[in-house]
Amino acid sequence: MSDSAPDPGRGPEPAPQPGVPPRVPPGAPPGGAAPDPGAPEVRLGTAEGRWVLLTAVLGSGMAMLDSTVVNVALPHIGRDLDANLAALQWTVNAYMLTLAGLILLGGSLGDRYGRRRVFVIGVVWFALASLLCGVAPDAGVLIAARALQGIGGALLTPGSLALIQAVFHPDDRAGAVGAWSGLGGVASAVGPFVGGWLVDGPGWRWVFLINLPLAAVCVVVALRYVPETRDPAAHGRFDALGAALGALALGAVTYALIAAPDKGASPWVIVPAVAGVLLGAAFVAVERRRANPMLPPGIFAVRQFTAINAVTVFVYAAFSGFFFLAVLQLQVVVGWSALEAGTALLPTTVLMLLLSARSGKVAQRVGARLPLTVGPLLCAVGLLLMTRVGAGADYWRDVLPALVVLGMGMVVLVAPLTATVLASVDVSRAGLASGINNAAARAAGLIAVAALPLLAGMGPDAYRDPAAFSKTFDRAMLMCAGALVVGSALAWATVRGPDRGADAGRAECEYHCGLSSPPLDPGDG
C-alpha cells in the first residue's frame, strides 16, 4: 500500500494509456505510479540501447515500407492476377481496415502481456502474412493475406514505440524516439523507390517477400537484446467487442462503396451499407456503456480535440486518395515504369524529412491556427496542379511543381496538427489522444480509397483505359482538393489561440511526420 493518502482535490487517476507505460508523477520512481520493479533503464549510447533501437526501427520500418511500396505495385498486380479496380482497392483497404480497427487494442495487449512478446508476435504474424501475399495465386488470396498483414501491423506498430518508452532511461527517451522517428522517415522516403525497383526487377511479389529477412533479423535481435516489460497496473477486460464492431462497421461500409460501381443499387450494395450504419451505431452504444472502452466517448467532449480530429479526417482522406490514384495515373496514363512513378513521389517525403522540425518551431511561435489553415490550402493547390499531369506529361514541368507545392503544404500542416491533438487534452491522456487521431486518419484513408473511384465515375476496368482513367483522375483530384479546403475552413473556425503545448508532439515529428497517418505519440513515459 502507498504510505501517502490520495489528494481528494485531484480527482481519480487517469486510466493507463494503450500501448505506453504509465506516466511518472512527481517523486515517483521511473515507470509510473505502479512501476515494474524489474524494468531496466537502458541508455541510448550503449550497445544494448542500439540493439533495442534497431529492433524498434526494423519492426516499424516494415510497416512503413509496406504502406508506401504496395501502391507502386498495383498496376502490375492487376495485370498479373487479372484483377479489376475493386480488387486493387481491396488490396490497399484490407490492410488499412484491420490496422485501423485494431491498432488501439494492439497497444493494450502489449501493456498486459508484455511489450516485447506482443511486438514479436506482431512481427512474426506480419511476416507470415507477407509470405502469403507473395505467393498469392489470385486476388482473393492476396486480399485475405493483406487483412492478416493489418492485424500484424496493429500489434507491431504501437509496440515498436512502446518498447522505446518502456526500456530506455527517462533522460534518453526523447533522443531514442527522435532517432526512431528519423529512421522511420528514411524508410518511408526510400519505400516508393525500393518498391518500384522490385516491381520492375524481380517482380511485385518481392514487395511482400522482402519483409521476411527483415522480420527474421528483427525477431532474433528482439529475443536476444530487448528486455521484457509490462504495465503491472493494466487490468480489466479488453474491449474486444468494441474493436470487432468498429472493424465490421468500417468493413461493411467499405464493401458497399467498392461494390457500387459494378453492382449499382442492388442488395449487394444496400445490405452492407445499412449493416455498416447499424454496426457503427452499435459500436457507439457499446463504447458508452463499457467501463474500460477502447474509444472512450468522454474524450470527445473536449471541443478542440473533436474539431482537430475532424480536420484530420478531411486532410488524410485527401492524402490517401491522392497517393492511391497518383501512382496509377503515372503508370497507366503517363506510361512511366513502376520505378519512375515511385521515384517521382519522393519530393513530398524529402520535404517532410528536411523541414518538419522547422515547421514545428514556427507553429510554436505563431500558434497552430494559421498553419492548420494555410497548410491544407497549399496541399489543395498541389492537387489541382496534378490535373495537368496527363499523357505525355513532363516531370520537371508538370509533376515536380505539383509535388513540391503539396509537400510544402504537408510540411506546414502535419507537425502542428499532431501537436494540437496532444495539447487539446490533459497531458495524462496524450497517448490515448494520439492513438485515436492515428486511427481516425487511417479510417479516413480507408473510406477515401473506397469512395473516390465511385464518386469520380471510375468503372471496374477504368485503370485499363488510359484516356478514361485520366478524366476520372482529374475529377478525383478536384474532390480531394475540396476535402482539403473543408479541412482548412474547419481549422480556421475551430482552432483558437496559441497552441499551449505546441512542442508536445515535437519528438515524434522532429524528423518525420507520417504521409498516411499522423505519427503515434507514446505520452510522457
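A: Below we chat about salt bridges, cysteines and helix packing. One thing to know at the start is that this is a predicted model.

Q: Good to know. How many salt bridges does a search of the whole structure find?
A: The search turns up five salt bridges.

Q: Let's pick one. What do the side chains of D82 and R464 do?
A: They meet in a salt bridge, with N to O at 3.2 Å.

Q: And where do D82 and R464 lie?
A: D82 is in the loop between helix 1 (47-81) and helix 2 (85-113), while R464 is in the loop between helix 15 (430-456) and helix 16 (466-494), so the pair ties together parts that are 382 residues apart in sequence.

Q: Is D82 buried or exposed?
A: D82 counts as exposed, because its relative accessibility is 62% and the cut-off for exposed is over 50%.

Q: What about the backbone of D82, what is its phi?
A: D82 has a positive phi of about 50°, although D82 is not a glycine. As background, most residues other than glycine have a negative phi.

Q: Let's move to another pair. Which residue forms a salt bridge with R388?
A: That is D398, and the closest N and O atoms of the two are 3.4 Å apart. The pair links distant parts of the chain, ten residues apart: D398 is in helix 14 (residues 395-423), and R388 is in the loop between helix 13 (369-386) and helix 14.

Q: How accessible is D398, buried or exposed?
A: D398 is buried, as its relative accessible area is 5%. R388, on the other hand, counts as partly exposed at 43% relative accessibility.

Q: Which residue does R397 meet in a salt bridge?
A: R397 meets D398, and the N to O distance between their side chains is 2.9 Å. R397 has 47% relative accessibility, so R397 counts as partly exposed.

Q: Which residues do salt bridges that share partners join into one network?
A: D82, D461 and R464 are joined that way.

Q: New topic: cysteines. How many disulfides does a search of the whole structure find?
A: The search finds zero disulfides.

Q: Then what about C133, buried or exposed?
A: C133 is buried, with a relative accessible area of 0%. C480 counts as buried too, at 3% relative accessibility.

Q: Now the helices. At what angle do helix 8 and helix 9 pack?
A: Helix 8 (residues 240-263) and helix 9 (residues 267-289) pack at about 160°, and their axes are 8 Å apart. An angle over 145 degrees counts as roughly antiparallel, and helix 8 and helix 9 are therefore roughly antiparallel to each other.

Q: What residues make up the contact of helix 8 with helix 9?
A: They divide into 19 nonpolar, four polar and two charged residues.

Q: Is the crossing of helix 8 and helix 9 left-handed or right-handed?
A: Helix 8 passes helix 9 in a left-handed crossing.

Q: And how far apart are the axes of helix 4 and helix 5?
A: The axes of helix 4 (residues 139-167) and helix 5 (residues 170-200) are 9 Å apart, and the angle is about 155°. Helix 4 and helix 5 are therefore roughly antiparallel to each other. Helix 4 passes helix 5 in a right-handed crossing.

How values were computed: Residues are numbered from 1 along each chain as its sequence is written. This is a predicted model: local features need pLDDT of at least 70, side-chain atom pairs count only at pLDDT 80 or more; totals for chains, interfaces and linings use all residues. Side-chain values use heavy atoms; hydrogens and water are left out. Axes are lines fitted to C-alpha atoms, for helices over the stretch in contact, and angles run from 0 to 180 degrees between N-to-C directions. Helices (H or I, at least four residues) and strands (E, at least two) are DSSP runs, numbered from the N terminus. Angles under 35 degrees count as roughly parallel, over 145 as roughly antiparallel, 65 to 115 as roughly perpendicular and the rest as oblique. A crossing is left-handed if the near helix is turned anticlockwise from the far one by less than a right angle, and right-handed if clockwise. Ala, Val, Leu, Ile, Met, Phe, Trp, Tyr, Cys and Pro count as nonpolar, Asp, Glu, Lys and Arg as charged, and the others, Gly among them, as polar. A salt bridge is a side-chain nitrogen of Lys or Arg within 4 Å of a carboxyl oxygen of Asp or Glu. Buried means under 20% relative accessible area, exposed over 50%, partly exposed in between (1.4 Å probe, protein chains only). A disulfide is a pair of cysteine sulfur atoms within 2.5 Å.
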